[in-house]
Amino acid sequence: MELIQITNLTLGSLFDGIGVFPLAAIRNNITPIWASEIEKAPIRITKRQFPNMVHLGDLTKLKRSSIPPVDMITFGSPCQNISTIGNREGLAGKKSNLFYEAIRIIEEMRNATDGNYPTLAIWENVMGAFSSNDRMDFKAVLESFLKTEVPIPPSHRWANAGMVRGRNADVCWRVLDSQYLGVPQRRRRIFLVADFRKFRARKILFNTEGMQSDIESSYKGRLFTTKDNRILSIETRRSIQIFPFQERRMRTYAKEGNKKGFISSFGRSTDPFPTLLAGTVDTFAFWHDGLESEGFVRRLTPLECERLMGLPEGWTEYGNDNKIISESARYKALGNSIVLPCADFILSNVAKVYGKEKTK
């Protein structure tokens, strides 16, 4: 289906990070108007990449009068307290309760515009949101958008996809795994769409037409960054073997003395990379068939991490001051980020839905 061009939709990005939602917006002819972020390196990066996007600063200090109305607000609120590798304090935790600040901004904007803006909210978070606080946190998330009580499912488990309709909003959610959207990284995240005007959330989140599912073109050929690696591949004409490690699991099993578990932490050459994390850098083994003795083990580079997030090469390399971003800051920002193809999939559907409405 040909994408109908949209030029009048606007977007505001909370917890903006390195600007993945604004980048996906531009790719789909949606204009990012403003962003809120407090980390210095991501702000330098996005000021360089989006010179016309206004930076509003700390969202806890934002007032309604200082925020321009936009058609949609996107946010991936901090997950430290709900992640399965976090402290599991849930939405009551110091970091994750910033979710309610985002809800406050959405409500204040809608009240100030007689319910006209925003028409959509898009939320992203880790799988742990389904289970934290005895599964009550995701219930609280849904109720925050719907403004009505949502019962816990009879199974006492939240499904990986679902929808709830209330008087004030239409809410759908689903889990997207980036390894099925064109990048060789296993990264499962919850994406939720809340529509405050019409029942369009289902069309936006569950329309899979045009969704990329073939990862072969982006796997082995897009990983390596050095000229020497490319030359070596051409000269040998041998298949490249890449074996990613699940390093966190490996360390845990090593401490436990679990030999079987330790061995299982070594991936196969056909496996996607484990989820990139802000606090660690993934390691992998590399060699060519028949040249195993010449192989080596090394960590991913920031450029390779950008590729695993589906971002343009060098996206995080420089700030708006033309100074290089440190590798540690790049690793942290990328590990905290959203995979571009996931955001692109959702915003492309937003453009399609709004485009059809515009033609009518």
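Contact is taken here to mean heavy atoms within 4.5 Å. The model is a predicted one, in which local features need pLDDT of at least 70 and side-chain atom pairs count only at pLDDT 80 or more, whereas totals for chains, interfaces and linings use all residues. Residues are numbered from 1 along each chain as its sequence is written, and side-chain values use heavy atoms, with hydrogens and water left out.

Leu 347, with residues up to four places away in sequence not counted, touches Leu 11, Phe 21, Ala 24, Ala 25, Asn 28, Ile 30, Met 72 and Ile 122. Leu 347 is also one of the residues, with Leu 311, Ile 346 and Val 350, that touch the most other members of the largest nonpolar core, which holds 53 residues; such a core is a set of buried Ala, Val, Leu, Ile, Met, Phe, Trp, Tyr and Cys residues joined through side-chain atoms within 4.5 Å, where buried means under 20% relative accessible area (1.4 Å probe, protein chains only). Helix α11 (residues 340-359) supplies the largest share of this core, nine residues, helices being DSSP runs of H or I of at least four residues and strands runs of E of at least two, numbered from the N terminus.

The eight strands of an open sheet with mixed pairing are arranged in the order β3-β2-β1-β4-β5-β8-β7-β6, two strands being paired if DSSP finds at least two bridges between them. Four bridges join β4 and β5 in the parallel sense, and Trp 123 in β5 is the bridge partner of Phe 75. Strand β5 (residues 120-126) also contains Glu 124, which is buried at a relative accessible area of 8% and, apart from neighbours within four places in sequence, is in contact with Phe 75, Gly 76, Ser 77, Arg 189, Ile 190, Phe 191 and Ile 338.

Helix α4 (residues 136-146) is largely enclosed by the rest of the structure, because nine of its 11 residues are buried. The cover over these buried residues includes β4 (72-75), α3 (99-112), β5, β6 (161-165), β7 (170-177) and β8 (188-195). Helix α4 lies across β4, β5, β6, β7 and β8 and runs at about 25 degrees to β8, with axes fitted as lines to C-alpha atoms, for helices over the stretch in contact, and angles taken from 0 to 180 degrees between N-to-C directions. Lys 147, which follows α4, has a positive phi, near 60 degrees.

Technical notes
Buried means under 20% relative accessible area, exposed over 50%, partly exposed in between (1.4 Å probe, protein chains only).
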